[in-house]
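I would like the sheets, the helices beside them and the pockets taken in turn.

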Amino acid sequence: MVNIEIDNDSGFCFGVTTAISKAEAELAGGKPLYCLGDIVHNQAEVERLRGKGLHTITHAELDKLHDAKVLLRAHGEPPSTYRTAEQNNITIIDATCPVVLKLQQRIKANFDAPGPKPQIVIYGKLGHAEVNGLVGQTEGTALVVEDIDGLSKIDFNRDIALYSQTTKSLEGFRRIIDEIERRKAPGVKFTSYDTICRQVANRVERITDFARGKDVVLFVAGAKSSNGKVLFNHCLDVNPRTHLIGTPDEIAPSWFEGAHSVGICGATSTPRWLMEEVAARSAVIVGQANG
């Protein structure tokens, strides 16, 4: 008998849940709705919402769009997006995550404060939608560092204000802080702001505990999900029989050989319904093997 269990702590975070709820509420009215970028980094969920009438557009397409409704996803957007919307008579359905919105406001307040400006540094993924929105609060002047090597961009003779993309790891952020403290010149003022979302950060411990207790783990995430890659690697560290999949069709029956327990978990961008489909497909495969 093989026990198949879905991790109850996996799946959409609060920000993604809110964005999808707002999209579905608008789509229920039967009128066209556009989303600036994929609403979530999971292609299966994007396709589901496309079937309901949600059209994904790029920033270039936004520039040409007029008299329409556009949803801004949880990642947030720079001020330029709002200006474009106003110029083009676009109604914004703003689903920016409250944690991201607060971070944007903090960075903007620091940037707009009178007096000499510190170097605003963001620990995050270069080009990520959330990071683009954060950099936009500084008129494009903020420095983005992805790792220790990226710190070479900083002038360690000038004051530094460090923020983090909300979904980065606490461990990585602490390493960045320690290295800046080590390198900065005497007298330089360095302030770090812990802006990491605890709902996301706390998942690492919970999901590794879940993965550690299973013979086999199926980690479900979209190819574009940064959070998915991070959480998957944490699961893999504690359980070498962890497999990353995007759909139930990717499951290999050989993965279950000798297993008595199978755990199914996912990223903050993984819908619950998809994990349930993976569980159902796993049950069929196990049943066929035991039949």
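Strands here (E, at least two residues) and helices (H or I, at least four residues) are DSSP runs numbered from the N terminus, and two strands pair if DSSP finds at least two bridges between them.

Residues are numbered from 1 along each chain as its sequence is written. As this is a predicted model, local features need pLDDT of at least 70 and side-chain atom pairs count only at pLDDT 80 or more, while totals for chains, interfaces and linings use all residues; side-chain values use heavy atoms, with hydrogens and water left out.

**The chain as a whole**

- The protein chain holds 11 helices and 12 strands, and its C-alpha trace spans about 75 × 50 × 25 Å along its principal axes.
- Of its 291 residues, 49% count as buried, a class that means under 20% relative accessible area, with exposed being over 50% and partly exposed lying in between (1.4 Å probe, protein chains only).
- When contacts between residues at least 6 apart in sequence are considered, 70% of them join residues at least 24 apart.

**A second sheet**

- Another open sheet has four strands in the order β1-β12-β10-β11, again with parallel pairing.
- At its edges stand β1 (3–6) and β11, and because each has a single partner strand, one side of each is left without a neighbour in the sheet.
- On average, neighbouring strands of this sheet are turned by 20 degrees against each other, direction ignored.
- Strand β10 (residues 216–220) runs parallel to strand β12 (residues 261–266), joined to it by five bridges, and also runs parallel to strand β11 (residues 242–245), joined by four bridges.
- Val220 takes part on both sides, standing opposite Gly266 in β12 and opposite Ile245 in β11.
- In a regular strand the side chains alternate between the two faces of the sheet.
- Both faces of β10 are covered, with Val216, Leu218 and Val220 buried on one side and Val217 and Phe219 buried on the other.

**The largest pocket**

- The largest pocket holds about 580 Å³ of space; on a 1 Å grid over the protein atoms alone, a pocket is an open set of points where a 1.4 Å probe fits, with protein on both sides within 12 Å along at least five of seven lines, and lining residues have an atom within 4 Å of a point.
- A volume is the space filled by probe spheres set on the grid points, which are joined across faces, edges and corners.
- It is lined by 23 residues, of which Lys168, Ser169, Leu170, Val230 and His234 are the closest to its centre.
- Two or more lining residues come from each of α7, α8 (198–201), α9 (203–212) and α10 (226–238).
- This lining divides into seven nonpolar, nine polar and seven charged residues, where Ala, Val, Leu, Ile, Met, Phe, Trp, Tyr, Cys and Pro count as nonpolar, Asp, Glu, Lys and Arg as charged, and the others, Gly among them, as polar.

**The second largest pocket and His75**

- The second largest pocket holds about 360 Å³ of space, and of the 24 residues that line it, Cys13, Val16, His75, Thr167 and Thr268 are the closest to its centre.
- At least two lining residues come from each of α1 (14–27), α5 (98–112), α8 and α10, and α1 gives the most, with three.
- By class, this lining has 11 nonpolar, 12 polar and one charged residues.
- His75 is found in the loop between β4 (69–72) and α4 (79–87), and it counts as buried because its relative accessibility is 15%.
- Apart from its neighbours within four places in sequence, His75 is in contact with His41, Val100, His128, Ala129 and Glu130.

Note on methods
Contact means heavy atoms within 4.5 Å. Axes are lines fitted to C-alpha atoms, for helices over the stretch in contact, and angles run from 0 to 180 degrees between N-to-C directions.
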